[in-house]
Amino acid sequence: MTPRLVARVVLGLAVLAPWLSLLHVAGARGLGLVMIAVVCSLHGWGALVNRLARIEDAPAALVVHWGLAAMLALAGLAMALHAFGQTTQLAIVIAGFGLHGGLLIVAWRDREARLVELLRAADARYWLVPAIGLVLVAILHVLGAAGDLTSSPFDDDGSVPAQLHRLWDTGTLGDPIGFARGTQLGGHVAASALITVLGGIAWFRVVDALGFALLIWLALAQLRPRSATASMWAVLLVLVAASYPSVATEAAPRWLAASLLFSLYVTFERYAEPEDDRLLWPLGLVAAAIATLRSELIPISVAILASAGIVAIGRSGGGRRTLALVVVPLVAVLPYLVVRFAARGTVPSAAIAAVTRGSGGLVPVLMFIGLVIVALWIGVQCASGPRRWITISALVGIAGIAVQLTCTRPYATTFVWPIAVSTVLALGFCALRTVALDLPAVGLVLSLLAAVLIYDGRDTPGRVRWSRRYTELASNLQYLRHAFPEPPVRDPYGPLLASVPSDATIAVSVARPELLDYAAHHLVDVRGPRTMARRATIFRALRPAYLLVEDDHLPAERARRDLFYRLACPAGAELPYCADAVWAPNATDVAALGSVRLVRLGP
């Protein structure tokens, strides 16, 4: 095949492949087509941002991240209007890969000429092996993670699949108890909704694995392997990333956070170093997307935007550019704030206080200010140009986690390493382009570090061992062969709730909250990580009319901790001391179905 024919085939597949996802092909191939469609949709929205900003030289890996940021901004606006249901989600994704195909067709001759030139170039063979490695690792991680049913469906705020189903039913996030958003604004759920809407909620675990693949893709795009040495380093980069000993135990967006942070740094570097003002809009969108993802990352977004403002002040028209750096992120983040505070207005403030942490007083603020001053000193002393501001922003983000100003430490420490990974990659690539390095010495150090990381991934015990992780991922692919697409599941709780008035507040503590009908009743989930330990306090403040409970295990936990309770409260005991602190004294069972009970609380 001639290079021109190969280019035409590749471009034709790029236009047609995402539409095949609408055919609902079964098995791992079907989910693979869905993921291709999602990436094409991200690229379509990113290409629109690229075109509106009149940027011509941005790599596709970076454009995809801009597309994700733009889609998150649209998702926030739709949620504020209570319109981010399944239909809107589908419309955004389909419009994205429609834009992707349309813009490719419009620029067909130019794209074909570039691809032919790339295929005919003498250095084309050098990126082939890293590209194959990236595709294989992406297939295993993305499709394998989708079939991993052992990881928890919860992040530190609540059940992710339950919130995805709530979006389908109501178009917004309206549960300030079951999904308190104490450490986020809802960007993770919005991203999960957009990525899973074609495949189904059951495959929500694919979201963070896709972030892993996008991170490696962007790193390879920065490395640009055009020689044998660069190709070797690119392959080593893929191996090191693949060997990282990490197993997802909860639905937190760790790799997605690292990928977006890295794209923020790359966009900032491209804006600051050649003084390219066209990148103001993508920079603001990505910073806003990161701010909606996790509260631990907000200081980094603010620090990068402030750094861009400082850079803009030194140019002509700096005031106009600084205004753009404020307006774009604010417009993208404001809808998420509106949704969050609107949800909090649906329940008593005392119930909100039970699931949110206090500010910690003045001490964390003073400690944070002190650490920010230290970060500024380190950045000024140790770096220059974009590297200085990237270093300062990363240190500021870690400082917020260290003093627990932006987070709750037991959960937030897992976000230190996404900050570290993205920062190390950004500083490393920036140094390669701007600093005269002793390449043989640097190569020896990096080779030693890569060998240590690969060895650690190979010999780490348990599930995080390299060989065991990839064996499990491959097994999950076999599971997808039979389980995708997931067959429709009947709502098992609907018959119990049919007799409950639609305006009644119902507290739910069930095993599958993603199967509830959130449009028919006002449901408050009390089974999340933040609510289980404080359920009695929440009930006293919330005063729900009904409780839907499945396999309540709190009495068993009380019996395990309280010796007197075990002795004085056998099964069927009616002593006041034996009553569950959660139930009202005059609670009565209304109906039961298997292990699920509907209880009326109050007179």
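Arg-543 lies in the loop between helix H23 and strand E3 (546–550), where helices (H or I, at least four residues) and strands (E, at least two) are DSSP runs numbered from the N terminus. Although Arg-543 is not a glycine, its phi is positive, at about 50 degrees. With a relative accessibility of 70%, Arg-543 counts as exposed, the term exposed being used for over 50% relative accessible area, buried for under 20% and partly exposed for values in between (1.4 Å probe, protein chains only). The structure is a predicted model, in which local features need pLDDT of at least 70 and side-chain atom pairs count only at pLDDT 80 or more, while totals for chains, interfaces and linings use all residues. Residues are numbered from 1 along each chain as its sequence is written, and side-chain values use heavy atoms, with hydrogens and water left out.

Helix H23 itself comprises residues 535–542 and contains Ile-538. Ile-538 has 0% relative accessibility and therefore counts as buried. The C-alpha atom of Ile-538 is separated by 8.2 Å from that of Ile-352, although these two residues are 186 residues apart along the chain.

A positive phi is also found at His-82, which is not a glycine and has a value of about 55 degrees. His-82 is placed in the loop between H3 and helix H4 (86–106), and because its relative accessibility is 52%, His-82 counts as exposed.

For the chain as a whole, 25 helices and 5 strands are found, and buried residues make up 52% of the 603 residues. Among contacts (heavy atoms within 4.5 Å) between residues at least 6 apart in sequence, 74% join residues at least 24 apart.

In soluble globular proteins, nonpolar side chains tend to be buried together. When residues up to four places away in sequence are not counted, Met-35 touches Val-142, Leu-143, Ile-195 and Val-206.

Two packed helices are described by the angle between their axes and the distance between the axes. Helix H2 (residues 27–52) packs against helix H9 (residues 206–223) at an angle of about 60 degrees, with the axes 12 Å apart; the axes are lines fitted to C-alpha atoms, for helices over the stretch in contact, and angles run from 0 to 180 degrees between N-to-C directions. H2 and H9 are therefore oblique to each other, since angles under 35 degrees count as roughly parallel, over 145 as roughly antiparallel, 65 to 115 as roughly perpendicular and the rest as oblique. Their crossing is right-handed, a crossing being right-handed if the near helix is turned clockwise from the far one by less than a right angle, and left-handed if anticlockwise. Met-35, Val-38, Val-39 and Leu-42 of H2 make this contact with Val-206, Leu-210, Leu-214 and Trp-217 of H9. By class, the contact of H2 with H9 has 8 nonpolar, no polar and no charged residues, where Ala, Val, Leu, Ile, Met, Phe, Trp, Tyr, Cys and Pro count as nonpolar, Asp, Glu, Lys and Arg as charged, and the others, Gly among them, as polar.

H2 also packs with H4, at an angle of about 65 degrees and with the axes 7 Å apart, and H2 passes H4 in a left-handed crossing. The residues that meet here include Gly-44 and Trp-45 in H2 and Gly-96 and Phe-97 in H4. The classes represented in the contact of H2 with H4 are 12 nonpolar, 5 polar and 1 charged residues.

H3 and helix H11 (residues 254–272) pack at an angle of about 110 degrees, with their axes 10 Å apart, which makes H3 roughly perpendicular to H11. H3 passes H11 in a left-handed crossing. Among the residues making the contact are Leu-62 and Trp-66 of H3, together with Leu-260 and Arg-270 of H11. This contact of H3 with H11 has 6 nonpolar, 4 polar and 1 charged residues.
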